[in-house]
Amino acid sequence: MNIVIFGAPGSGKGTQSERLIDQYGLHHISTGELLRDHISRGTELGKVADRYISKGLLIPDDLMIDVLSDLFESKPEIREKGVIFDGFPRTIPQAEALAKMLEGYGTAVHAVVGLEVEEEELVRRMLERGKTSGRADDNLETIKKRLDVYHNQTSPLRDYYMACGTYHAINGNGTVDAIFGDIRASLDPHKDKK
Ligand code: AP5
Ligand code: MG
């Protein structure tokens, strides 16, 4: 089973991914974490990524798609386990590239878990995390930019996946446990799909 966990910055994608990994044994691909790892190691990709992330902007599609395709190709064990994609896709071209890439391996996105959270709560969570996270984008100015980018470039994916019939709307307000319970209830009919 391949799952996309989808939602605005701070909606709980990383938090709920951890639960999903425990529950379903999936491999986690977080493009944000991958890029932050490159930044901390000072790689060429990290240097490019840093310029965008610190401004709250998206890394260009071509680059992001190449990074993901390379990762997917180089690690067959990822493909066998099934993947939870966290923070990817973020644009329609990325979603189309993902569908094409998975089709090439005889698989697909089986479910999109859309965490829907009030904007005030998103800001509250990110500001709270910013006190200790050390993330360059967890400050009010960059958070506002990230939310603008989400509304303009990423939120159209909700309709895209609705049209595909794979979108599962989840109320992402509330406790981590209650939200995970809703995700499980929504996904369980899919769990035997390969
Ligand atoms: P990325 O790392 O993906 O960040 P994001 O989408 O902005 O989201 P976050 O990681 O901040 O939040 P989350 O939804 O994972 O929530 P979390 O579980 O942490 O991307 C960062 C940047 O990288 C992008 O801006 C872009 O520049 C670049 N990038 C990444 N992917 C890209 C792509 N595909 N294309 C182009 N550029 C890309 O929770 C947030 C906080 O809230 C935590 O402190 C958590 O403990 C807390 N929390 C979680 N759930 C709850 C709850 N139910 N109640 C209370 N608190 C909660
Ligand atoms: Mg995250």
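Me: What makes the space taken by ligand 1 the largest pocket?
Reply: This is a predicted model, where local features need pLDDT of at least 70, side-chain atom pairs count only at pLDDT 80 or more, and totals for chains, interfaces and linings use all residues. Residues are numbered from 1 along each chain, ligands are numbered from 1 as written, and side-chain values use heavy atoms, without hydrogens and water. On a 1 Å grid over the protein atoms alone, a pocket is an open set of points with protein on both sides within 12 Å along at least five of seven lines. A molecule sits in a pocket if more than half of its atoms lie within 2 Å of its grid points. Ligand 1 takes up the largest pocket. About 950 Å³ lies there, a volume being the space filled by probe spheres set on the points.

Me: Which residues count as lining the largest pocket?
Reply: Lining residues have an atom within 4 Å of a grid point. There are 43 of them, and Gly10, Lys13, Arg129, Arg135 and Arg146 lie nearest the centre. They divide into 14 nonpolar, 17 polar and twelve charged.

Me: Which residues around ligand 1 come nearest?
Reply: Near means that a heavy atom of the residue lies within 4 Å of the molecule. Of the 30 residues around ligand 1, the nearest are Thr15, Thr31, Leu57, Arg90 and Arg129. H2 (31-41) is among the helices that supply at least two residues of this shell. H2 gives the largest share, four residues.

Me: What makes the pair of Arg146 and ligand 1 a polar contact?
Reply: A polar contact is a pair of N or O atoms within 3.5 Å. A polar side-chain atom of Arg146 is 2.8 Å from an oxygen atom of ligand 1, so the pair meets the cut-off. Arg125 places a polar side-chain atom 3.4 Å from a nitrogen atom of the ligand. For Leu57 a polar backbone atom is used, 2.6 Å from a ligand oxygen. Taken alone, ligand 1 exposes 1,000 Å², and the protein buries 87% of that (Shrake-Rupley method, 1.4 Å probe).

Me: Why is a space called a cavity?
Reply: A cavity is a set of points where a 1.4 Å probe fits but cannot get out. The count comes to one cavity of 30 Å³ or more. The largest cavity has a volume of about 50 Å³. Its lining includes Lys13, Phe88 and Arg90. Strand E1 (residues 3-7) gives the most to that lining, three residues.

Methods
Polar contact = N/O pair within 3.5 Å; in protein donor to acceptor, adjacent residues only side chain to side chain. Nonpolar A, V, L, I, M, F, W, Y, C, P; charged D, E, K, R; others polar.
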